[in-house]
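Biologist: Before we get into labels, show me the thing. Then I'd like to hear what stands behind each word you use.

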Amino acid sequence: MSLEAVLKVPNLPGERGPFYRDAEGRLGFDGQNGRIIDYGIAFDCERGHRVFVGFRDSVLRNTVSAESARGLATAFFGSGDGAATGFQNILRDLADQCDALNAAWDRAGKPAAGIGQVTETPRGSA
């Protein structure tokens, strides 16, 4: 799995990533009529591992906590159609992975470089 650094940009413009906050501060999702979406896990040295989602044709990415990703999966993708259900499952799986990575990161003392840098020497064989 690859991890990606994230630039924090407040109040993204119209070409923002798919997540946004409305005027009342609620988190929403806008797929912008079928634009191709990339997703995965990003690492932030202050907040740990987070779910990232962004449009493939944009350099901007949104990141949310595992808890927020689960909330989005429940609140915004409950329509039951195939694409929505698939993305709902992806968000839940990524949230579970973030929880596992953050638990390992926490046990390791929250190193600024992430948990990939904890092992001093390679071990095992493949």
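This is a predicted model: local features need pLDDT of at least 70, side-chain atom pairs count only at pLDDT 80 or more; totals for chains, interfaces and linings use all residues.

Biologist: What makes Asp96 and Arg70 a salt bridge?

Modeller: Their closest N and O atoms are 2.9 Å apart, and the cut-off is 4 Å, so the pair qualifies. Asp96 sits in helix α2 (residues 82–107) and Arg70 in helix α1, so the bridge ties together parts 26 residues apart in sequence.

Biologist: And what about Asp99 and Arg70?

Modeller: That pair forms a salt bridge too, with closest N and O atoms 2.5 Å apart. Asp99 is in helix α2 and Arg70 in helix α1, 29 residues apart.

Biologist: Why is Arg70 called partly exposed?

Modeller: Its relative accessible area is 27%; buried means under 20% and exposed over 50%, so Arg70 falls in between. Asp99, at 36%, counts as partly exposed as well.

Biologist: Arg61 pairs with Asp38. Is Arg61 buried or exposed?

Modeller: Buried: its relative accessible area is 18%, and the limit is under 20%. The closest N and O atoms of Arg61 and Asp38 are 3.6 Å apart, within the 4 Å cut-off. Arg61 is in the loop between β4 (48–55) and β5 (62–64), while Asp38 belongs to strand β3 (residues 37–44).

Biologist: How many salt bridges does the rule give?

Modeller: The count comes to 6. Shared partners join Asp38, Arg56 and Arg61 into one network.

How values were computed:
Residues are numbered from 1 along each chain as its sequence is written. Side-chain values use heavy atoms; hydrogens and water are left out. A salt bridge is a side-chain nitrogen of Lys or Arg within 4 Å of a carboxyl oxygen of Asp or Glu. Helices (H or I, at least four residues) and strands (E, at least two) are DSSP runs, numbered from the N terminus. Buried means under 20% relative accessible area, exposed over 50%, partly exposed in between (1.4 Å probe, protein chains only).
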